[in-house]
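Let's walk through a structure together, one feature at a time. Ask whatever you like as we go.

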Amino acid sequence: MALSIITLAYCIMLFSGNVVEGTIGLNWGRMANQRLIPSMVVDLFLQNGIPEVKVFSASENVMKAFSGSGIGLTIAIPNESLHEINSTDGARDWVRTKITNFVNMNVDIKYVNVGAEPFSPSFWNQTNFGAVDALRFIQDALNEIGYGDKTKATIPHLTDVLKPNHTKPSDAEFRDDIKEKMIESLQILQENNSPFVMDVFPIYFVRQNNMDVEFAFVDGHSTYFVEDDNGLNYTNLFDFIYDSFLWAMKKAGTPDLKLVVGQIGWPTDGYPDANITNAERFYKSLLPKVASNKGTPLRPGVPIDIYIHSLSDENKMKVKFGAFQRHWGIYRNDGEPKFKIDLSGQGRDVYPTSAKGVTYMPKRWCIFNGDTSNLTKVKYAFEQACLVGDCTSLSPGGSCSHLDFNQNVSYAFNRFFQTKSQKERDDPCEFDGLGKVVPDNPSTGACIFPVEVLAAESIDTGSSMGERMATLSKLVMLLPFLLIFLAFI
């Protein structure tokens, strides 16, 4: 098979000594009640040598924290904001506010993600074709002020932009209903030397496509493999999906675009096989693969850039696929790592550096006092607690799914209590006489009853997911917990 232009270019650079290496970056979302202040998080990135970060909230305090850090940033424009940049003037205003101002503050902005998977029917109820026009407007505005060579606009896409049920990479192509707009966007990317961005969540993809869960890992332990018609073999999902996108891009007329993995990770709770042990295993093979520059079967030797999803858990994240969407973090909300992960890609058996200067709330917990004389009242209190606090760890397969009746209620009460910052006013542990505050940690096994960090700032609304869906999401997510509750009655 003839070398592609990208592979040939890499070989030339390798021969000349100008070696390009794959980048391991991190996504940083902030949909949480208590969270570390931005300067503390940027310090954490610097301690761990993270070269690139994608932020889903480009608020002023976040952007300023990166000033002079040398970290390359990707900033996201949420879908609900795309209507603000549906014209040349709108794009110019956005670039002036979000790019020019912060570049002048010595913030290195590398990419602009226009929309959040706007062609995904899995996550959104409809496709947002306006993202393609916004992509053009934003890139033109960047080019107009002379930033186009350094800052590139692109659109991140989930795996569902590919036609479903393709059994080998060479069969992959973009869905018919989006093909015209996808080709238009690819041409814009090609004209501006911008990358195509794909998001993939292996644990979810293999289950939705009835694949062996072992195929989701890159360590080669799966008995499941795919042999393509061109003789290339696939022993893991990463290579399979990456090369599937390469084939789809080729069929759409842009075979040599750079392909970046904008989101990839392994959740630690709220889903079958979502646990700390598997997350550690997943990264232990994936990150060295990226750092080795081995590439994939279709593009061997070509460096790959990936962004780990994500820095920490987000208990206010909009949920559609399942509870695991709130548990992507490699860190807990207090800046302590959950498991060993070598972010340099060298494969060392090490924990990443912890956040410095974290202040905790008092070491106390709110639990159920055991009064079951009125189960209707207990059920109501449980519901109200989980509408505010994050009870996703109680879901089937979650780290707290093994708890008994009293412990289930106690977990919900404590989540509410910590979310409310343990405030004495209005007594967040009262629950109509059913709660009590205790000094002893009720955690059991892998089920952690957390004590949150002190909230250092109020929650902004600049997240790509938006706050206004939070209540609806919680109502939907409450159903399995109520079923658990009823099972004890």
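This is a predicted model: local features need pLDDT of at least 70, side-chain atom pairs count only at pLDDT 80 or more; totals for chains, interfaces and linings use all residues.

A: Let's start with the largest pocket, which has a volume of about 680 Å³. Of the 33 residues lining the largest pocket, Asp313, Arg332, Arg415, Ile448 and Pro450 are the closest to its centre. Residues are numbered from 1 along each chain as its sequence is written, and side-chain values use heavy atoms, with hydrogens and water left out.

Q: What is a pocket, and what is a cavity?

A: Picture a 1 Å grid over the protein atoms alone: a cavity is a set of points where a 1.4 Å probe fits but cannot get out, while a pocket is an open set with protein on both sides within 12 Å along at least five of seven lines. Lining residues have an atom within 4 Å of a point. Grid points are joined across faces, edges and corners, and the volume is the space filled by probe spheres set on them.

Q: Which classes of residue make up the lining of the largest pocket?

A: The lining has 12 nonpolar, 10 polar and 11 charged residues. Here Ala, Val, Leu, Ile, Met, Phe, Trp, Tyr, Cys and Pro count as nonpolar, Asp, Glu, Lys and Arg as charged, and the others, Gly among them, as polar.

Q: How many cavities of 30 Å³ or more does the structure hold?

A: Five of them. Take the second largest cavity, with about 130 Å³ of space. Its lining is made of 16 residues, and Trp28, Arg35, Leu36, Ser312 and Asn333 lie nearest its centre. Sorted by class, that lining has seven nonpolar, five polar and four charged residues.

Q: Now disulfides: what is a disulfide?

A: It's a covalent bond between the sulfur atoms of two cysteines. The rule used here is a pair of cysteine sulfur atoms within 2.5 Å, and by that rule the count is three. One joins Cys366 to Cys429, with 2.0 Å from S to S. That pair links distant parts of the chain, 63 residues apart: Cys366 sits in strand 12 (residues 365-368), and Cys429 in the loop between helix 11 (405-419) and strand 13 (435-438). Helices (H or I, at least four residues) and strands (E, at least two) are DSSP runs, numbered from the N terminus.

Q: Why is the disulfide of Cys366 and Cys429 called right-handed?

A: Because the torsion about its S-S bond is about 90 degrees. For Cys386 and Cys391 the torsion is about -95 degrees, so that disulfide is left-handed.

Q: Are Cys386 and Cys391 buried or exposed?

A: Cys386 counts as buried because its relative accessibility is 4%, and Cys391 is buried at 1%. Buried means under 20% relative accessible area, exposed over 50%, and partly exposed in between (1.4 Å probe, protein chains only).

Q: Finally, how do strands of a sheet pair?

A: They pair through backbone hydrogen bonds, either parallel or antiparallel. Two strands count as paired if DSSP finds at least two bridges between them. This structure has an open sheet of nine strands in the order 5-4-3-2-1-11-10-7-6, with parallel pairing. Its edge strands, strand 5 (152-154) and strand 6 (156-158), each pair on one side only. Three bridges join strand 4 (residues 109-114) to strand 5, and Asn113 stands opposite Thr154 in strand 5.
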